[in-house]
Amino acid sequence: MKNMKIRNLAVMFLLTSVSIMATMAILASAYSATQPATIDVYYYVPGDTSFTIAIIGGQTSMSFNPSNNSAKLVEAQGQNISQGISWGNITNSGNMAQNFSVNLSQSNLPSINLYVSSNPSMSDQVTVDTTQKTPAGWANVNPNGLVQIYARANFTNAPGGTNNNSMYIY
Amino acid sequence: MKISKAAISILLLLVVGISVIFLIIPKLEEKEHNKISDQNIPPDYILIKRDVQRGIFYDLNNLTKDYYLRADFYPSYSNSSESSHDYSRWGIEGYGAYPGEESFTIQNFTEGQYINVYTFVKAGENVETFQGIKFNVEDDTKLFDIKINPDIVMFTPTFPYRKEYTVDNRVYDWAYKMNITITAKENIPSGTYKFKLDTTIPDENTQKFYYEDVRRVNLSWYDCPKNDIKCDKNIVELRKKVYVNGGQFQADKLFTIIIVVK
């Protein structure tokens with residue numbers, strides 16, 4: 001009888017130990033960010049990736065003023081394609097070549113299409129939407145390099161009033 | 001007659017004194033604007049700056065504002081020219097990171113282990129606005145947990161001067177030290193993992209918050225330089241205290257992290 005009790009106690013002790021060990025194993029394997037990894041090699045490229053967007057003086061945003069709600073090839077205000085005056089310039093003030101892109105923060109209305117190009121002929125124009133787009137002329141811009149921003153919009157039965165979302169380019 | 005001469009002398013002294021005060025005040029003001037940049041220069045600043053630019057100084061975490069809030073700490077500063085500022089254009093947005101790329105080789109990157117990555121993010125040169133920007137790092141592999149601190153910032157202008165602004169104990173600078181912590185969610189298989197820092201505009205509440213703080217900053221502005229016919233003083237006034245959502249124009253190499261696991 002006494003041996004039975006001892007055996008039962010031993011079994012209980014064993015089960016408890018196994019249970020505790022299992023719990024500890026689970027806890028040990030649980031994801032926690034407490035150990036720094038051992039880094040064998042670390043180096044960095046001292047590249048400066050700065051750039052600046054400068055827009056035409058009198059403007060505070062990219063805005064369009066179409067003559068009617070289905071006007072086409074409407075230039076951004078302040079821009080003048082025929083005189084080669086861009087809406088904005090992108091300057092690569094860093095020390096490495098860079099590609100630049102642009103996107104809208106919110107979807108445009110389906111009745112408005114916005115195009116951006118790096119030159120007044122709009123030859124490399126891209127349709128601006130919520131994904132990042134790069135006109136060809138904005139790629140591989142060297143340090144101190146300057147590329148231009150030309151913008152045009154097509155309207156198709158666009159609703160009246162100001163649509164801030166569509167022109168929310170900066 | 002003697003009294004008249006004395007009075008004239010005192011009057012002259014007063015005029016000279018007042019003139020000197022008026023000459024000194026603008027300089028004091030300018031010094032205040034560049035307080036962090038021009039004062040508290042650490043004795044080893046030049047050496048640290050040199051070694052960071054050579055890519056051999058690894059203790060970026062321990063660099064204080066006395067280092068990274070000095071404009072000439074960054075290569076972009078020497079690349080730009082404030083003296084030839086084009087007043088017909090308005091610097092509305094622009095930012096960058098320095099260093100622009102960091103690489104790590106790790107043996108056995110196991111679950112729970114992490115690495116801390118540091119870089120400096122800053123406003124571009126000649127930017128006249130306050131820019132709110134949200135930062136993000138995508139992990140397509142889903143193997144890592146990535147935390148960015150700070151992940152939302154408001155950059156202060158770099159033109160006409162750089163200054164730290166405080167609104168209700170909230171401090172805004174033109175440059176920030178950024179910490180990115182990358183933690184392994186499981187044992188990472190051998191391979192090369194690349195992460196890119198992306199930008200978006202801040203959420204709407206943050207935008208409103210920043211906008212209100214910009215309205216409250218104590219900011220002096222600039223006048224058009226004499227003889228600069230491109231500069232319109234009325235337009236310059238409209239450029240004062242402007243908040244913009246930055247991050248819609250991007251540079252593809254803003255900041256890249258490469259982790260090689262062996």
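**Architecture of the two chains and selected local features**

The accessible surface of chain A comes to about 9000 Å², with 58% of this area belonging to carbon and sulfur atoms; accessible areas come from the Shrake-Rupley method with a 1.4 Å probe, and for residues only the protein chains shown count as cover. The structure is a predicted model, in which local features need pLDDT of at least 70 and side-chain atom pairs count only at pLDDT 80 or more, whereas totals for chains, interfaces and linings use all residues. Residues are numbered from 1 along each chain as its sequence is written, chains are lettered from A and ligands numbered from 1 in the order in which they are written, and side-chain values use heavy atoms, with hydrogens and water left out.

Chain A contains one helix and nine strands, where helices (H or I, at least four residues) and strands (E, at least two) are DSSP runs numbered from the N terminus. From the N terminus on, its elements follow the order α-β-β-β-β-β-β-β-β-β. Of its 170 residues, 41% count as buried; buried means under 20% relative accessible area, exposed over 50%, and partly exposed in between (1.4 Å probe, protein chains only). Among the contacts (heavy atoms within 4.5 Å) in chain A between residues at least 6 apart in sequence, 75% join residues at least 24 apart.

Chain B has seven helices and 14 strands. Of the contacts in chain B with a separation of 6 or more, 80% are between residues 24 or more positions apart.

In helix H3 (residues 45-54) of chain B, the buried residues are Tyr45(B), Ile48(B), Lys49(B), Asp51(B) and Val52(B). Seen down the axis of H3(B), these residues fall within an arc of 165°, so they line one face of the helix; the arc is that of the directions from the helix axis to the C-beta atoms. The face turned away from the buried side of H3(B) carries the exposed residues Ile46(B) and Arg54(B). The cover over the buried residues of H3(B) includes an element of chain A, strand S2 (39-45), together with helix H4 (65-68) and strand S2 (95-98) of chain B. Just after H3(B), Gly55(B) takes a positive phi of about 75°.

Helix H6 (residues 204-216) of chain B has 13 residues and reaches 19 Å from its first C-alpha to its last, close to the 18 Å expected at 1.5 Å a residue; the expected span is 1.5 Å times one less than the number of residues. The residues Thr206(B), Gln207(B), Tyr210(B), Asp213(B) and Val214(B) of H6(B) are buried. They cover an arc of only 130° around the axis, which puts them on the same side of H6(B). Glu204(B), Asn205(B), Lys208(B) and Arg215(B) are exposed on the other side of H6(B). Among the elements of chain B that cover the buried residues of H6(B) are strand S5 (130-137), strand S7 (152-155), strand S8 (165-167), strand S9 (170-172) and strand S12 (243-245). The N-terminal end of H6(B) is capped by Asp203(B), a side-chain oxygen of which lies 3.2 Å from the backbone nitrogen of Asn205(B).

Two buried strand residues of chain B were also considered. Gln131(B) lies in strand S5 of chain B and is buried, with a relative accessible area of 0%. The side chain of Gln131(B) reaches the backbone oxygen of Gly94(B) at 2.8 Å. Beyond its neighbours within four places in sequence, Gln131(B) is in contact with residues including Ile92(B), Tyr95(B), Ala123(B), Val153(B), Phe155(B) and Tyr243(B). Ala175(B), in strand S10 (residues 175-184) of chain B, is buried, with a relative accessible area of 1%. Ala175(B) and Val121(B) are 54 residues apart in sequence, yet 5.6 Å apart in space, C-alpha to C-alpha. With neighbours within four places in sequence left aside, the contacts of Ala175(B) include Tyr68(B), Leu69(B), Tyr74(B) and Phe155(B).

The structure holds one disulfide over all chains, a disulfide being a pair of cysteine sulfur atoms within 2.5 Å. This link joins Cys224(B) and Cys231(B), with their sulfur atoms 2.2 Å apart. The link of Cys224(B) and Cys231(B) is left-handed, with -80° about the S-S bond. Cys224(B) counts as partly exposed, at 22% relative accessibility, whereas Cys231(B) counts as buried, at 11%.

Notes: Polar contact = N/O pair within 3.5 Å; in protein donor to acceptor, adjacent residues only side chain to side chain.
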